[in-house]
Amino acid sequence: MVETVTAVGMVLSAMPIGEFDKRLVILTGNFGKITAFVRGARKAHSRFLAGSQPMSFGEFTLYRGRNAYTVTDMKITDYFSNTLTDLESMYHGMYFLELSDYYGREGIEASDTLKLLYLAMKTMQKKAIPIALLRCIFELRTLAINGDYPNIFQCGNCKSQERLDYYDSQREMLLCQNCHEKKRPENLLEDSTVYALQYIVTAPVGKLFSFNVKERVLSQMEQVIHSYMKRHLDKKFNSLEFLEISY
């Protein structure tokens, strides 16, 4: 008898294999990012047809072969690709999948990333907060989960945690009022911006998508996060390129 395992996860990508099968990449909490084949998933009446689409979230039953898993059953609870109906939401969802795939590793526990991804999709589905803020939260927390984010908790010069109001994009650190002197005014940050960035890194995942900010604060958050990501991520995300061109 074949031994199987059960994992909660979300489908990050799907590729046709042969005449009727599919190759899925699934982000799971327990096993990290895994590759799994679904036999007959492309047949018109397959019970796996809908659940073998990107953004499908639920419980997957699998057995492990020499190099990959095979799905034997799935219980899908959320089909986000069916509910994110406008193009902006759909492409943001695709971008979140791509970013999760970029950082995902097989065999490395990923429960925090999976929960973040699921809650981001749920929040976008409900349109609870502006999508630009949702993106900032998802990006910065993803960086933080992977230990790769800018210094936003103390001055990069004197180590003070007070009066932080300037982001040095070249050194990727905050500076306090005593250390930055007269610098580029567009790099000055409001107190609310610094607080929001710190909150995203430290707050429980379940509370991340429960706040809003004014437009200027959001713009400053985008400046800090996106300038850091452009310097550190060695990948072009297709969905992000579409968003930057279209929105």
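Helices (H or I, at least four residues) and strands (E, at least two) are DSSP runs, numbered from the N terminus. The model is predicted: local features need pLDDT of at least 70, side-chain atom pairs count only at pLDDT 80 or more, and totals for chains, interfaces and linings use all residues. Residues are numbered from 1 along each chain as its sequence is written, and side-chain values use heavy atoms, with hydrogens and water left out.

The sheet is considered next. Three strands form an open sheet with mixed pairing, in the order β6-β8-β7. Its edge strands are β6 (151-155) and β7 (164-168), each of which pairs on one side only. Neighbouring strands are turned by 35 degrees against each other on average, direction ignored. Two strands count as paired if DSSP finds at least two bridges between them. β6 and strand β8 (residues 173-176) pair in the parallel sense over two bridges. Asn151 has Met173 of β8 as its bridge partner. Helix α6 packs on this sheet and touches β6, β7 and β8. The direction of α6 makes about 120 degrees with that of β6. Axes are lines fitted to C-alpha atoms, for helices over the stretch in contact, and angles run from 0 to 180 degrees between N-to-C directions.

Helix α4 (residues 131-145) was examined separately. It has 15 residues and spans 21 Å from its first C-alpha to its last. This is close to the 21 Å expected at 1.5 Å a residue, where the expected span is 1.5 Å times one less than the number of residues. Of the 15 residues of α4, 13 are buried, so the helix is largely enclosed by the rest of the structure. Buried means under 20% relative accessible area, exposed over 50%, and partly exposed in between (1.4 Å probe, protein chains only). Just after α4, Gly147 takes a positive phi of about 65 degrees.

Leu133 belongs to α4. Its relative accessible area is 0%, so Leu133 is buried. Residues up to four places away in sequence not counted, Leu133 touches Phe211, Asn212, Val213, Leu218 and Met221. Lys230 is 97 residues from Leu133 along the chain, and their C-alpha atoms are separated by 18 Å.

Terms used:
Contact means heavy atoms within 4.5 Å.
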